Amino acid sequence: MSDNDTVVTPKEEIIEGEARSLVVAKDLLPSELMIIPLHDRPMFPKMMGPIIVDDSVMQQAVLKNVNGNVPLYFGLILLKPSEDGLAHSPQSADDFYKVGVAVRVVQVSPYKPGEPLQVMAQALDRFDVIALLKKDSVFMAEVKYWQEQIADNTDELKAYSVAIIDCIKGLVSLNPLFKEGLSLLIERINVSDPGSLADFAASMTTSSGTDIQKILEISDVQERLEAVLVLLKNEVEITKLKAKISKRIEERLSKQQREFFLKQQLQEIKKELGLAKDDTQTEIEKYQKRLKKRVLSDEGRDRIKEEIEKLKLLGSSSPEFNVTRTYLDWLTVLPWGVYTRDNYNIKKAAKILNKDHYGLDDVKERILELISVGMIKGDLSGTILLLQGPPGVGKTSIGQSVARSLGRQFFRFSLGGMRDEAEIKGHRRTYIGAMPGKFIQAIKTCGSSNPVIMLDEIDKIGASFRGDPASALLEVLDPEQNSNFLDHYLDVRYDLSKILFICTANQFDTIPGPLIDRMETIQLPGYILAEKVEIARRHLIPKQMKAHGLKSRQITLSKSLLVSIIDGYAREPGVRGLENCIKKILRKSVKRIIAKPDKNIRIRKSELRELLGRRLFSEDNRFNKPRVGVITGLAYTTMGGTTLHIESIPIPTGRPGFKQTGQLGQVMVESSEIAYSYVRSLMKENDRVSEFFKKNQIHLHVPAGATPKDGPSAGITMACSLYSLAMNHPIKPNMAMTGELTLSGLVMPIGGIKEKIIACRRSKVKEVVLPHDNREDFEMLPDHIKEGLTVYFVKTFKDVLKVCFP
């Protein structure tokens with residue numbers, strides 16, 4: 001309201017000239033109104049209701065103009081709905097409809113900062129918006145009032161009015177909530193005024209704000225009555241549908257309640273007649289039935305008896321009831337005293353092992369020895385094996401074959417990344433969702449107390465604030481302790497001594513010493529080329545042909561092709577890379593088979609580049625030709641054995657010096673320094689060589705530079721490289737060596753002989769120099785691995801020189 005607006009009460013008299021007349025209140029409504037936006041529904045004239053003002057600026061504007069003696073007027077206009085259908089604050093005049101209603105404030109609730117302001121208002125008259133402006137965050141509108149008069153009540157209007165009243169009565173009969181609205185209609189509305197009747201009837205409906213706004217904007221009374229009658233008819237249909245749905249739901253609920261009560265009565269009758277038992281008795285009988293087939297320990301029998309007595313005293317609604325029932329479920333479902341009968345037929349076991357795996361003679365021999373001991377002893381208790389080797393050599397699959405050969409159940413779980421001790425020994429029952437550890441779960445799953453349990457990736461077990469699982473395994477993997485294994489959840493000792501544990505690992509470095517001490521280690525170094533070819537022909541190709549839905553006659557992979565695949569794409573110790581290459585070839589060949597189903601496809605060597613891409617291991621002859629200062633060494637990694645080439649060159653500086661590159665570890669750096677010192681000491685009487693070392697800095701490099709390397713076994717290799725450089729004499733071709741060198745020139749033994757010899761076979765090395773103390777290790781290797789190699793065993797570095805530089 002502007003400062004120039006004149007506010008008068010309905011009873012105030014205005015003198016115009018000499019005449020005195022009483023003016024109606026609606027004629028004195030201000031032409032400029034403060035606008036309060038409505039979000040849901042508009043308000044109609046002659047109605048009273050609360051208005052919620054939640055905008056703080058508008059609240060202050062309302063409170064500022066409230067005066068107990070002077071009435072306050074403002075306008076109510078409905079906001080147009082937003083595109084997303086959510087409530088929004090108006091930003092411009094375009095957000096409002098063009099027709100609103102003027103109201104007089106009747107009462108304002110006490111103001112509380114931060115809370116919405118409630119205003120009780122009486123609606124007076126409709127208006128059209130002439131202009132709408134925003135002043136100080138408040139919208140002010142210049143309006144033109146309709147000044148509606150009571151229309152003449154013609155017969156047609158009476159008919160419309162009666163139809164509206166009949167619809168309202170029909171709504172009241174369908175939904176009692178409309179009864180209150182009908183009472184207000186009788187009290188406040190003059191039924192003989194059709195316009196007001198239409199307005200009130202529209203406000204009673206549950207129609208949308210947009211539909212009710214259309215009613216507000218209709219000036220013609222008959223047209224307004226007709227539009228309202230349509231809304232009421234829709235409301236009647238919706239109410240009938242609601243009533244129908246409610247009745248259907250009530251009938252369904254009544255039926256369910258009736259069935260529930262009848263079932264309860266039937267259960268009580270059966271109990272009285274002894275024909276039925278309650279839930280607790282049923283559970284107890286289930287446990288007792290299970291125990292008839294079990295041979296429990298004294299401790300286990302006493303604990304189950306104690307828990308059953310406890311269960312009898314608990315009500316089924318008690319939280320403790322479910323905890324006790326779950327605990328008893330675990331105690332009674334375990335196979336106490338249940339053992340599968342072992343198969344002690346050595347020939348049958350050997351046949352299964354040979355069928356499932358090619359090679360791995362050490363592992364097979366150890367398994368057959370185990371079965372032989374079981375034949376004499378009567379059981380296989382106390383056996384814990386550790387299979388160590390690079391990925392893809394068959395560590396996990398050998399465990400399944402062992403279980404098949406023994407006729408036992410097999411269970412495998414991975415320890416990789418395990419950081420919680422409770423995974424091994426179980427959670428205490430005080431915790432929500434507590435469960436036994438993995439070993440008790442494995443026994444339950446297998447249904448026997450003597451399965452074969454494989455602990456995969458034992459070298460990748462972790463530790464955290466939840467405990468150290470590796471330390472928890474010490475009890476499980478100790479034959480002297482695991483006969484009385486105590487799981488935290490069961491809290492009853494269980495015998496694990498009959499279980500055959502098979503562990504797998506890629507390396508020993510990360511396994512705690514006390515844990516390795518409890519296991520018998522069997523190393524799987526990897527496969528040579530000939531073994532890989534046989535494995536591919538016998539196992540990998542048939543397996544993948546079946547997996548791809550192919551028959552053996554459709555695709556042919558020759559032996560020479562497999563040799564090319566292994567040599568160029570899969571030189572790793574295991575066979576996973578080879579299997580992936582075979583998968584890739586079969587996938588790409590399927591497209592050709594679809595085009596010509598009856599044609600046999602024979603893969604040729606010339607097609608490998610198209611099928612598998614460029615060679616990963618090229619025919620690199622750079623190091624095969626003897627060169628001064630370049631020597632081939634042998635190394636052992638977690639991926640198996642490999643060859644490495646050690647290079648050294650002189651740098652004329654006028655003074656002696658020595659540096660190493662190639663990401664060498666501390667041990668390897670010290671080995672290189674020992675080699676440098678020893679070679680200089682060895683050649684001190686050779687004036688030319690002494691002068692060479694005095695005037696040149698020696699740079700020793702071990703490719704590849706991005707790969708970290710460490711270990712003492714390259715001592716004689718680095719010394720040979722320095723000797724070759726000093727004497728300007730290359731080594732014999734196709735020769736490799738390994739061995740630790742001491743400062744006095746002795747050659748010390750090293751490890752990983754099998755892996756390194758296999759690497760020699762893969763790299764086409766013909767002659768190998770090994771420490772004399774490793775002779776037995778070499779002689780124990782299978783003949784097919786030693787075949788084609790000339791081996792020299794040396795005790796001192798002078799022996800190395802006699803072999804390499806004859």
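I count a residue as buried when its relative accessible area is under 20%. The model I looked at is predicted.

**Overall form.** The C-alpha atoms fill a box of roughly 145 × 95 × 65 Å along the principal axes. I noted that 45% of the 806 residues count as buried. Of the contacts between residues at least 6 apart in sequence, 74% join residues at least 24 apart.

**Salt bridges.** I found 27 salt bridges in the structure.

Arg224 pairs with Asp199, with the closest N and O atoms 3.3 Å apart. Arg224 is in helix α6 and Asp199 in helix α4, so this bridge ties together parts 25 residues apart in sequence. Arg224 has 1% relative accessibility, so I count Arg224 as buried. Asp199 is buried too, at 4%.

Arg303 and Asp491 meet at 3.8 Å, N to O. This pair links distant parts of the chain, 188 residues apart: Arg303 sits in helix α8, Asp491 in the loop between β12 and β13. Arg303 is buried at 18%, whereas Asp491 is partly exposed at 35%.

Lys786 and Asp783 form a bridge of 3.7 Å between the closest N and O atoms. Both lie in helix α26, 3 residues apart, about one turn of the helix. Lys786 is buried at 18%, and Asp783 is exposed at 62%.

I also noted a network in which salt bridges with shared partners join Glu283, Lys286, Arg290 and Asp329.

Technical notes
Residues are numbered from 1 along each chain as its sequence is written. This is a predicted model: local features need pLDDT of at least 70, side-chain atom pairs count only at pLDDT 80 or more; totals for chains, interfaces and linings use all residues. Side-chain values use heavy atoms; hydrogens and water are left out. Buried means under 20% relative accessible area, exposed over 50%, partly exposed in between (1.4 Å probe, protein chains only). Contact means heavy atoms within 4.5 Å. A salt bridge is a side-chain nitrogen of Lys or Arg within 4 Å of a carboxyl oxygen of Asp or Glu. Helices (H or I, at least four residues) and strands (E, at least two) are DSSP runs, numbered from the N terminus.
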